[in-house]
Amino acid sequence: MDFIDYYQTLGIPKDATEADVKKAYRKLARKYHPDVNPDDKEADRKFKEINEANEVLSNSEKRKQYDKYGKDWKHAEQFEQRDSGGYTYRQRPDTGDFGGGFSESDYSDFFESMFGSSGGGFSQGGRRAKFRGQDYHAELHLNLRDAYRTHQQVLTVNGEKIRLTIAAGIADGQTIKIKGKGGKGVNGGPDGDLYIKFHLENDTAFQREGDQLFATVDLDLYTAILGGEIVAETFDGKVKLKVPSETQSGTKVRLKGKGFPRYKMEGEFGDLILTYAVKNPTNLSEAEKQLFEQLRKLRHHGKS
Amino acid sequence: MANPKLILIETLCTHYKIEVSFIDSLSELGLIELYTVEEIQYLPEEKLSLLEKMIRIHQDLQINPEGIDVIFRLLDKVETLNKELQEARRKLKELGVKEDESF
């Protein structure tokens, strides 16, 4: 466990007055408050640090205790023996095994070993806990293929199993709210909510934009020139496509309804847009080269 | 549709130690919508977490309702820009992958 320099956290000298502490804390709180820095874990961490520093330095008794023992923190063992019984040692609450992004203790180990974890001076949790349970935030990683179909997942959140139905077509970065699955309300207040943010990993050859899918299909030179039938992959199987003669590389075709499902619009799908990439033959034989020469001459002759 | 659960404004003010005038200002600025039943004002329960966020900003950062209005607008803008940035980054990534594949 490392010693924490609360003066440094707030950027004030050791002889700072109560007013200095307040001023420095307020300035940093405006910068790092989680409500004005959504989804910013770094700001969240800093906010907890400055709250902890403020809780100690703005309370004259705690500050005295910190100033007295803080200097000798390296002799922590002696300090603990000397004052055994005077402090509460509490384990951090069980954070559950899902996501790991919530229910972290608001205090550092350093703080808890010196003052116990009874604190309760944070604006987060302290005031809210009197009335409504805390909101939990979690992240869930899905493969693009999983997001294609409505499916269920069972999550364990703080020991409670939650069956979650993930509707087909969920977007990368989308957040869903599960009412009442956050922290328990206190004094008859409602329970908090659970927010799950989805992160989609693309494990396919398709690119997704909303409900549209994009892919490239290789076309051999002869099919491109003379036309023909090819088999192309879509997200849920193969389709036969007629390629018209004289198809250029880069030509796009739109397959209606073969794209990604529309979120919460059952049975509705976007389109799949395929781009043809004409592949020229390589390792030509002498006979092939001669034939291409003939073609070239014919073309030039025909033009002039 | 079922009626939303309503919370008496007075109850909120007692619990969160806020002035009724603070709620009135938020309502006047269009930041929260209140229900009036027989001349008594209520907040729908589903809006509670939104109001709590405004109360936290007000009490923790000493910001008045007009300031909260500005913050909320800017946060909305930041969210939109973040989404656009994510989308642009994703497109760039895919372009990069494509180039690798063709060489």
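## Report on a two-chain predicted model

Of the 103 residues of chain B, 11% count as buried; a residue is buried if 20 or more other C-beta atoms, placed from the backbone, lie within 10 Å of its own, exposed if 12 or fewer, and partly exposed in between. This is a predicted model, in which local features need pLDDT of at least 70, side-chain atom pairs count only at pLDDT 80 or more, and totals for chains, interfaces and linings use all residues. Residues are numbered from 1 along each chain as its sequence is written, and chains are lettered from A and ligands numbered from 1 in the order in which they are written.

### Chain B

Chain B holds 4 helices and 3 strands, arranged along the sequence as β-α-α-β-β-α-α. Helices (H or I, at least four residues) and strands (E, at least two) are DSSP runs, numbered from the N terminus. Among contacts in chain B between residues at least 6 apart in sequence, 56% join residues at least 24 apart; two residues are in contact if their C-beta atoms, placed from the backbone, lie within 7 Å.

### The two sheets

Strands of a sheet pair through backbone hydrogen bonds, either parallel or antiparallel. Two strands are taken to pair if DSSP finds at least two bridges between them. One open sheet is found in chain A and one in chain B.

| Sheet | Strand order | Pairing | Average twist between neighbouring strands |
|---|---|---|---|
| Chain B, 3 strands | 1-3-2 | antiparallel | 45° |

In chain A, strand 1 (136-143) and strand 4 (175-178) stand at the edges with a single partner strand each, so one side of each is left without a neighbour in the sheet. Strand 1 of chain A pairs with strand 5 (residues 194-201) of chain A in the parallel sense over 8 bridges, and Asn143(A) stands opposite Glu201(A) in strand 5 of chain A.

In chain B, the edge strands are strand 1 (6-8) and strand 2 (35-37), each pairing on one side only. Strand 1 of chain B and strand 3 (residues 40-44) of chain B pair in the antiparallel sense over 3 bridges, with Leu8(B) opposite Tyr42(B) in strand 3 of chain B. Helix 1 (residues 9-16) of chain B lies across strand 1 and strand 3 of chain B, at about 65° to strand 1 of chain B. Axes are lines fitted to C-alpha atoms, for helices over the stretch in contact, and angles run from 0 to 180 degrees between N-to-C directions.

### Helix packing in chain A

Helix 2 of chain A and helix 3 (residues 41-57) of chain A pack at an angle of about 165°, with their axes 9 Å apart. The two helices, helix 2 and helix 3 of chain A, are therefore roughly antiparallel to each other, a term for angles over 145 degrees. From helix 2 of chain A, the residues making the contact include Val21(A), Tyr25(A) and Leu28(A), while those from helix 3 of chain A include Phe47(A), Ile50(A) and Leu57(A). The residues of this contact divide into 9 nonpolar, 1 polar and 1 charged. Here Ala, Val, Leu, Ile, Met, Phe, Trp, Tyr, Cys and Pro count as nonpolar, Asp, Glu, Lys and Arg as charged, and the others, Gly among them, as polar.

Arg63(A) lies in helix 4 (residues 60-70) of chain A. Arg63(A) is partly exposed, with 19 other C-beta atoms within 10 Å. Not counting residues up to four places away in sequence, Arg63(A) touches Val56(A) and Leu57(A).

### The interface

In total, 16 residues of chain A are in contact with 16 residues of chain B. On the side of chain A that touches chain B, the elements giving two or more residues are helix 2 (18-32) and helix 7 (123-129) of chain A. The residues of that side divide into 5 nonpolar, 4 polar and 7 charged.

Notes. Parallel < 35°, antiparallel > 145°, perpendicular 65-115°, else oblique.
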